[in-house]
Amino acid sequence: MKAVLCQEPGVLELVDRPSPGTPEAGWVRLAVSHVGICGTDYHIFEGKHPFLEYPRVMGHEISATVLEAGDGVALAVGTPVIVNPYLSCGSCVACRQGKPNCCTNIKVLGVHTDGAFCEEISVPAGNLYPAEGVSLEAAATTEFLAIGAHAVRRSMAPAGSRSLVIGAGPIGLGAAIFSRISGHEVTLLDTSQERLRMAADRFGFSSGIIAGEGAAEAVKAKTEGDGFDVVFDATGYGPSMEKAFSFVAHGGALVLVSVVKDDIRFSDPEFHKREMMVIGSRNATQVDFEHVADSIAKGLVPVDQLITHRTTLTNTPEDLARWAHEKAGLIKAVIKVAD
């Protein structure tokens with residue numbers, strides 16, 4: 001089969017590799033249909049991902065069709081599916097609590113093990129969800145959107161809440177979209193006026209704040225001095241995450257969607273006087289994947305506005321390398337693998 005291999009940072013090649021072969025019991029061999037290109041993939045290409053072992057086949061935002069089912073799997077050949085790329089152990093403390101998204105031994109396709117920048121993969125049947133009522137191209141956006149949907153669900157913010165999403169990249173946009181679906185009044189905060197304008201024009205998020213010196217006053221102005229009921233930080237930038245504490249209303253919540261290697265510091269008096277919650281949000285679960293797929297099928301997610309760039313497996317080495325540096329207008333790029 002054909003695969004795009006990142007041999008080392010900065011080197012992508014289209015290569016021939018053995019196909020996965022007959023799946024073991026409980027697993028399924030899939031024909032990859034479409035795969036999204038994530039920020040993680042650009043980081044791997046640029047050599048910025050810690051602990052990654054090269055060479056690596058990237059790709060974890062996956063839609064596919066069933067080629068062959070292993071023993072004990074009742075999936076017909078040709079069934080369209082959405083792939084959950086988080087391979088969990090099933091036995092650790094998190095898995096025992098129904099939280100495989102934060103498994104202590106988690107392996108993510110395309111990061112810790114080879115992913116779907118290729119024609120075929122094999123995965124456990126439990127990681128597959130039906131792609132019903134959605135195109136296979138749209139289905140490939142499910143995973144990154146599920147991260148935002150999971151963050152919104154983690155917030156426990158009721159309908160009518162005022163939410164602030166910091167960072168208008170793909171993950172932040174996903175959080176904003178599902179915050180709106182949950183009935184929240186959404187404001188975006190970003191360093192880029194261009195991204196805020198894009199979010200307004202493409203997705204209808206007309207309430208925006210530019211990060212910087214005037215942000216604190218703008219937050220007060222938009223909330224009558226109260227702050228936001230829930231704040232989602234999707235920047236992956238430590239200083240932004242620290243500043244986000246001050247934007248939370250008394251009794252509100254801060255959800256940290258992104259992760260940084262640094263320590264995060266905050267004022268304990270400011271934290272305590274608010275009696276606010278700080279919530280970590282990692283990956284997503286089956287509930288989130290299914291919520292996203294259902295929302296796409298119902299027309300609640302403007303997938304046509306999210307996918308801005310398209311390519312083929314053959315052209316991926318050239319296109320991904322270019323898009324890693326030419327980000328203007330880029331929200332989500334999708335690779336069409338199947339003919």
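## Salt bridges across the chain

A salt bridge here is a side-chain nitrogen of Lys or Arg within 4 Å of a carboxyl oxygen of Asp or Glu. Keep in mind that this is a predicted model. By that rule, the count comes to 18 salt bridges. One of them joins aspartate 114 to arginine 17, with the closest N and O atoms 2.8 Å apart. This pair ties together distant parts of the chain: aspartate 114 sits in the loop between β7 and β8, arginine 17 in the loop between β2 and β3, and 97 residues separate them. Aspartate 114 counts as partly exposed because its relative accessibility is 25%, and arginine 17, at 28%, also counts as partly exposed.

## A buried pair and a helical pair

Are the two partners glutamate 61 and lysine 332 buried or exposed? Glutamate 61 has 0% relative accessibility, so it counts as buried; lysine 332, at 3%, counts as buried as well. Their side chains meet in a salt bridge of 2.9 Å, N to O. Here again distant parts of the chain are linked, with glutamate 61 in strand β4 and lysine 332 in strand β17, 271 residues apart.

Arginine 322 and aspartate 319 form a salt bridge with closest N and O atoms 3.1 Å apart. Both lie in helix α12 (residues 316-323), 3 residues apart, which is about one turn of the helix. Arginine 322 is partly exposed, at a relative accessible area of 32%, whereas aspartate 319 is buried, at 11%.

## Strands in the annotated domain

UniProt, in an unreviewed entry, places the feature "domain: Alcohol dehydrogenase-like N-terminal" at residues 25-131. Over that stretch the chain is 11% helix and 34% strand, and the end C-alpha atoms are 22 Å apart.

Strand β4 (residues 61-69) runs antiparallel to strand β5 (residues 80-83), joined by 4 bridges. Threonine 65 stands opposite proline 80 of β5. Strand β5 also pairs with strand β9 (residues 128-130), again antiparallel, through 3 bridges; there, valine 81 has proline 130 as its bridge partner.

## Helix α10

Helix α10 covers residues 286-297, and its 12 residues should span 16 Å at 1.5 Å a residue; the end C-alpha atoms are 16 Å apart, which agrees. Its buried residues include Asp288, Phe289, Val292 and Ile296. Seen down the axis of α10, the buried residues fall within an arc of 165 degrees, so they line one face of the helix. Just after α10, glycine 299 takes a positive phi of about 80 degrees.

How values were computed. Residues numbered from 1 in each chain as written. Predicted model: local features only at pLDDT ≥ 70, side-chain atom pairs only at ≥ 80, totals over all residues. Heavy atoms only, no water. Pairing = 2+ DSSP bridges. Helix = DSSP H or I, 4+ residues; strand = E, 2+ residues; numbered from the N terminus. UniProt positions renumbered as here; feature names shortened; annotations may be inferred. Expected span 1.5 Å × (residues − 1). Buried < 20%, exposed > 50% of the residue type's maximum accessible area, 1.4 Å probe, protein only. Arc of directions from axis to C-beta.
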